[in-house]
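Me: I would like to learn how to read contacts and helix packing in a model. Can we go through it step by step?

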Amino acid sequence: MENIYSNENETINNEEEELRQYLKPTEGDRDAQFNFGVCYDNGIGITKDEEKEFQWYLKSAEGGNHIGQYNLGNCYRDGIGITKDEGKAFQWYLKSAEGGNYMGQLYLGDCYYFEIGTIKDEGKAFQWYLKSAERGSYIGQYNLGLCYHNGIGTIKDEGKAFRWYLKSAEGGSSDGQLNLGYCYRNGIGTIKDERKAFQWYLKSAEGGNHIGQHNLGYCYRNGIGIIKDEKKAFQWYLKSAEGGNSDGQLNLGCCYQYGIGTIKDEKKAFQWYLKSAEGKSSDSQLNLGYCYRNGIGITKDEEKAFQWYLKSAEGGNSDGQLNLGYCYRNGIGITKDEGKAFQWYLKSAKGENYMGQHNLGYCYENGIGTMKNEEKAFQWYLKSAEGGNIEGQNNLGNCYCYGIGTIKDEEKAFYWFLKSAEGGNVKGQNNLGCCYYNGIGTIKDERKVFQWYLKSAEGGNNDGQLNLGYCYQNGIGTIKDEEKAFQWYLKSAEGGSNNGQLNLGYCYRNGIGITKDKGKAFQWYLKSAEGGSSDGQYNLGLCYHNGIGIIKDEKKAFQWYLKSAEGGNSDGQLNLGYCYRNEIGITKDEEKAFQWYLKSAESENNIGQHNLGYCYNKGIGTIKDERKAIQWYLKSAKGKNLKEQHNHENHYQNVIESIKDEKKTIQWYLKLAEEESSDSQLYLGHCYHNGIGITKDEKKAFQWYLKSAEGGNSDGQLNLGYCYRNGIGITKDEEKAFQWYLKSAESENYIGQYNLGYCYEKGIGTIKDERKAFQWYLKSAKGGNNNGQLNLGYCYEKGIGTVKDEGKAFQWYLESAERGSYIGQNNLGNCYHNGIGITKNENKAFQWYLKSAEGGSNDGQLNLGYCYRNGIGVIKDEEKAFQWYLKSAEGGNHIGQHNLGYCYEKGIGIIKNEVKAFQWYLKSAEGGNLKGQHNLGNCYRNGIGTIKDEGKAFQWFLKSAEGGEKFGQSSVEYFYRNEISDIKKNQKKSKYKCYNCENLNQLNNTCSNCKLIEMPKWTSGNYDVDKIIQMTQLDENANEWEIWRWIDYNKLKNVEYLAEGGFGSI
C-alpha cells in the first residue's frame, strides 16, 4: 500500500494491473465487461476514460448484456467515447428494450417521441413507455401518465393518467409527485383535493424538484391546501430559484419587489427578474421591461425597457406584446410607430389578452395604425368585455350607448357600464352615474347618480369629480352643499379637466361655495380655454369683453370668441357675429356677422336664429328676404318652445312681436302654408284657433290643422285629434280623435303618445285597454313628457296595465316633478308623506307640496294647508293653513272648499264666520264632496250661517249617506229614529207605500197589486217566523222601522259565505 502513495504514475499503473488481474479469470464474461465499462465511466479504481468506457460497453453489448446495450446507446446518443450517432443509439436501445431492459424501453420510447435516430411515432413511444412502466420504471410510469394525460399515442384518459402518476409518485419520482399534485389541485382524473395536492408538491419539493419547490411556494403564498404563509412561500421560491427554475426566479423577484415574506428590496427583485429573463422566461422579460421603464431596482432606461418587452413579445407573451404595442404607440424607447403598435396589439389580442383586445378595439375605433372600422372596434371590445376587462366593458357600453359599430341599445349600454363600474373602473362608474341621471337603459335615480359619481370621483376620475361637484351644487341625490361642490370642481380642475376648470371659474365668478373672486374666475376660464374647451373660450371672451377679472380688451374678446366659434360653440358663433356687426375688436363686417349668425342658427341656437331672422328682415349682410326672416323667427320661437316643454302659449306671439306687424306675419304664414309648409299650416291653425293676429275662427283652425296633419306634421296630427275630441271647428268624433292621436304618437310625438295612452286608459274612441295605455305612457315618459311621466307613475302606483311597483311609481313622479309638473310635485309629496316607494320624510313632503302649491296646483295648495295646520314638515301655522286652503278653494278644489268652510266655522287661522262657513260648505257639497254635504246638512239642521231647515238638512245628509259617508249615514239614521222633519210629515204617506212595488195603494199592510201578506208568496218556511212578520205588518200603529218583512234569498245581492256551524250556514 505504501507504493500507492509514493508516485502518482506508479500508483496508476499498479491500479490497472490489479484491475486486469481481477478481471482476467472472466475475460469473456459480458457482465464483467459491463462492469469494466462502468469503472471507466465513473473512475472507479481507475482513471476515468470515455473511450475505454465505450469499448467495454461495446464488448458487453455485443455479448448480449442488455444493460450494456442501453449504456452503449447512451454513448452513441451523447457522443461519449465515440462520435455522436443517433441512428446507432436507437439501434442499441432497441436491442436493450427487446431484451427486456426497462431503461432501454424507456429510452426507446423517448427516441420514438422525440424523433431520435428514427421517425417520430407516438404510438410506438406509448407502447415502449407502457412496457417500461409495467416493469417498474418510475420514469416510465411518469411518461405513461403524460401520454394518457395529453392523448399521446393513445386516447386521452385522465383517470389512467392519474393512476400512473400515482405509481410513479409512490415509487419516489419527484416528477410523478409533481404531476400527481397537479392532478389533485385541478381535479384531473380524481376528485379535487387541495390538501393532497399540497402534500405531493411537498414530497416533490423535498426530493429536490425545482418545479415542485416553485409550486409549493405558490401554495404557501395563496393558502392552497395549507394555511397561507408568505415567509415559507418566499423560502421555497428561493430554493426553486437557486435551483435554476425560471418561474421560481420570477416569483422570487415578485416577493422582493412587493415585500412578500421578506423585506422589500427592489434591487434584488431586479436581479432575480434578470436571471429569470436570461433563462428565457417571457414573464420575467416582461417584468424586467417594467423595471427599466419605471426605474424599479435599476436606473430608468426606456430603450432597455423596449428591448425586454420585445424579447417577451417575440417569445409569445401576450402582455409583452401589449406593452410593446404601447411603446410603439407612445414612442417609449423607440420611434413612435402606430402601424407597429397596431400589429403588436393584434398579436396580443389574438393571444386572448383582454387588454390587448381592448386596445385593438380602440385602434379600430379611432383609426390608429389602421383604417377606422367601428364594426371591428365593437367586435374586439365585445371580446375584451366578455373576458372580464373593465376597460373593454366600459367602451362596449359606449358602443351600445352611441351606436358605434352596432345598433344603439341603451339597456345593453347600461348593463356593460354596470359591469365595468362594479369591477372598479372609474370611467365606468362615471358613465353609470350618467345613465342613472339621464335614464339611459334604466329608470332615473338621483341617489344612485350621486353614489356612482362619488365612487368615480374618489377613484380619481376627473369627470366623476366634475359631476359630483354638479350634484352637490344642485342637490342631486344629496343635500345641496356649494362648498363641497366647489371642492370637487377644484379637484377636477387640478386634475386637468377643462370642464372642471370651466365650472371652477363659474364658482369664483358667482361666489358659489367660495368668496367671489373675478380674478381667479378669469384664471380658471383661461386654463379651460387654453385646454381647448369651447365653453371656456366663450367665457374667456366674455371676461375680456366686459372686463371681468381682467382689463377690458375687445380685441382679445374677439379672438377668444373666434376660437370658441371655430370649435363649434353656438354661443361663441353668436357673439362673434355680434362683434362683426357692431365693430367690437374687429372692423365692422355685416356679411361676416350674417355668416356667423347663420352658423349659430344652424346649431339650433335660438338667439342666433332670431338674429338671423332679423338680418333677413332688415337686409343686414344679406339680401332682404321677409320670407326667410319669418322662417328663422319661427325656428327661434319653436326652439324656445321645445325647451319649455311644448308650451304653445307664447310661441306664435313671439314671432309676431319679432316682425312687429301682425297682418304681415299672418300673410307670410298664409303664403308658406299654401306652399305646403306643414309647420306654417300648423302655426296658421293655431292663430285661427286662438285669434292671434287674426279673427278667431275654429273651422279655419281645423282646416289648417288638417292640412298640416295630412302633410305628416306630428304636432298638426296632435292638434287635429284635439279638435275631433273636443268638437273644435268640427263635429265631435272620438274615434277620429283616437286615430289622429295614434298617427302623432307613431311619429314619436311625446304629447301624442300621452294622449293616446289616455284614450286607451279611459276608452276614448277605442276599446279600453290598460296595458296599451301603460305602454304609450311609457313611451311618452321616456321621451321626457312630464304628463306621460306623471301618468306612468300613477300606473305603477295603482297597478294599471302593469304590476304594481311603488318604487318605480316614486321614480316617475320624481321625473315628472323635476320637469315642472305641479301634479307630479303633489304626488311626489304624497309619496314622501306616506312612504310610497321611498322612506317617509315629512320635510321633503312639505317641500314638494310647496313647489306644487306655488305652481298653482289646488291639490298641492290643499296638502300644503294641511301641513301648516298639523305641523307636518314645518312649524304649525293655522293662518298659513287658512291662506292655502283659501287658494285651493278658489281654484275649485271641493276638499279645499270644505276645509275652508271648517276654518270659518271653527275660527281656525281666521275670525269665525258662520255665514262664510255655510257658503264654502255649499260650494263643496254642490261639487260632490261627501264631508261638505254632511257639514252643509249640519248647518241647515242647526241654523249655522243660514236659516234652520230640517228638510234641507235631511236631503244633504241623505246625499252624503248615499255616497258612503259614515257621518251622513248616522245622521240619516238619527232622523228616521226620531221622526224628524219631512219624515214625520210624510209618515202617514209612507205608511201606505208598498215596499215591493213602491205604489201608494197599501191598505191594512196589504198591497192590492202584489198582496204582500199572502203566505205562499213570501213564506220563510217557519210558521212562528211568518206569524211574527204578519203581526208587525197588521199593526196600524207600528212605526216604519218596527215593521218586519221577509226578503227572498234570490233577491239578495253580493252574498258572501262566511262560515258553517252546528245550526246552519252564515
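Reply: Start with contact: it means heavy atoms within 4.5 Å. Keep in mind that this is a predicted model.

Me: Which residues does Ser636 touch, not counting residues up to four places away in sequence?

Reply: Ser636 touches Asn606, Gln609 and His610. Ser636 itself sits in helix H36, residues 626-643.

Me: Is Ser636 buried or exposed?

Reply: Buried means under 20% relative accessible area. Ser636 has 10% relative accessibility, so Ser636 counts as buried.

Me: What lies 2.8 Å from a polar atom of the Ser636 side chain?

Reply: The backbone oxygen of Asn606 does.

Me: Now helix pairs. At what angle do H42 and H43 pack?

Reply: Look at the axes. Helix H42 (residues 734-746) and helix H43 (residues 750-762) pack at about 140 degrees, and their axes are 8 Å apart. That angle makes H42 oblique to H43. Their crossing is left-handed.

Me: Which residues make the contact?

Reply: From H42 come Phe738, Tyr741, Leu742, Ser744 and Ala745. From H43 come Gly752, Gln753, Asn755, Leu756, Cys759 and Tyr760. They divide into 7 nonpolar, 4 polar and no charged.

Me: How do the axes of H21 and H23 cross?

Reply: Helix H21 (residues 354-366) and helix H23 (residues 390-402) cross at roughly 35 degrees, with axes coming within 8 Å. This crossing is left-handed. Met355, His358 and Tyr362 of H21 meet Glu391, Gly392 and Asn395 of H23. The residues of this contact divide into 2 nonpolar, 3 polar and 1 charged.

Terms used
Residues numbered from 1 in each chain as written. Predicted model: local features only at pLDDT ≥ 70, side-chain atom pairs only at ≥ 80, totals over all residues. Heavy atoms only, no water. Helix = DSSP H or I, 4+ residues; strand = E, 2+ residues; numbered from the N terminus. Buried < 20%, exposed > 50% of the residue type's maximum accessible area, 1.4 Å probe, protein only. Polar contact = N/O pair within 3.5 Å; in protein donor to acceptor, adjacent residues only side chain to side chain. Axes fitted to C-alpha atoms, helices over the stretch in contact; angles between N-to-C directions. Parallel < 35°, antiparallel > 145°, perpendicular 65-115°, else oblique. Left-handed = near helix turned anticlockwise from the far one by under 90°. Nonpolar A, V, L, I, M, F, W, Y, C, P; charged D, E, K, R; others polar.
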